Amino acid sequence: MEQNKNYLAVLVDALEKKKDALQNILQITQEQAELAKAETYQEEAMEKTLNAKEVELSRVNTLDEGFQSVFDRIRSEVKRNQELYKDEIARLQELIRQCTELGNEIMVLEERNRNQFSALFAKSKKDYSVSRTKANVAQNYLRTMNNTKILDAYFVDKKQ
């Protein structure tokens, strides 16, 4: 029984750490939302946020694996004696609910960011296309002007 209480304490600790990691991911995702609102794509800042998010996601995955491993060990005992562990179970349920809410909030913000970045990239592509078209027009003009022969003298001579 005492060992199961210790395992439950480990589960609570794992969920609290997961909640912290999810809060960090949410903050990073909010930073990415600010980058998506910018007029131009800021590659270095975005790369920094992606690296930080990758570290936090790895942390969440490790915590999930550890949680599942410990939970599998004590699942049957806790189910049989729910009344004995009701405080710990209530705490676990509350932490799971909070983690789920954070996960949902992150997913919504991620989808919004994806749409904003798509629009930003489309705008960048359009701007690049317009500038490339202008450069092609200028280059064609120069090529045309260089290939024309000077006929002005001919017209002047003919008038005389």
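The following legends describe close-up views of a predicted model.

**View 1. Helix α2 and its kink.** Helix α2 comprises residues 43-80. A kink of about 55° is centred on I74. I74 is itself one of the buried residues of α2, a group that also includes M46, T49, K53, E56, V60, L63, F67, V70 and V78. An α-helix has 3.6 residues a turn, so residues three or four places apart point the same way.

**View 2. The aromatic pair F67 and F71.** One aromatic pair is counted in the model. The ring centres of F67 and F71 lie 6.1 Å apart and the ring planes meet at 10°; because planes under 30 degrees apart count as stacked, the pair is assigned to that class. Both residues belong to helix α2, where they are four residues apart, about one turn of the helix. F67 has a relative accessible area of 16% and is therefore buried, whereas F71, at 27% relative accessibility, counts as partly exposed.

**View 3. The largest nonpolar core.** This core contains 14 residues, of which L8, L11, F67, I74, V78 and L92 touch the most other members. Helices α1, α2 and α3 (86-147) each supply at least two residues of the core. The greatest contribution, six residues, is made by α1.

**View 4. The surroundings of V78.** V78 is among the buried residues of α2 and among the residues of the largest nonpolar core that touch the most other members. With neighbours within four places in sequence left aside, V78 is in contact with L8, Y85 and I89. L8 is likewise listed among the residues of that core with the most contacts to other members.

**View 5. A21 and the second core.** A21 is located in helix α1 (residues 2-37). Its relative accessibility is 0%, so A21 counts as buried. A21 is included in a second, separate core of ten residues, together with I25, L26 and I106. When residues up to four places away in sequence are not counted, A21 touches E56, R59 and V60. Of these, E56 and V60 are listed among the buried residues of α2. A21 and K53 are 32 residues apart in sequence, and their C-alpha atoms are 9.4 Å apart in space.

Conventions:
Residues are numbered from 1 along each chain as its sequence is written. This is a predicted model: local features need pLDDT of at least 70, side-chain atom pairs count only at pLDDT 80 or more; totals for chains, interfaces and linings use all residues. Side-chain values use heavy atoms; hydrogens and water are left out. Buried means under 20% relative accessible area, exposed over 50%, partly exposed in between (1.4 Å probe, protein chains only). Contact means heavy atoms within 4.5 Å. Rings of Phe, Tyr and Trp (its six-membered ring) pair if their centres lie within 6.5 Å; planes under 30 degrees apart count as stacked, over 60 as edge-to-face and the rest as tilted. The bend at a residue is the angle between axes fitted to the seven residues ending there and the seven starting there. A nonpolar core is a set of buried Ala, Val, Leu, Ile, Met, Phe, Trp, Tyr and Cys residues joined through side-chain atoms within 4.5 Å.
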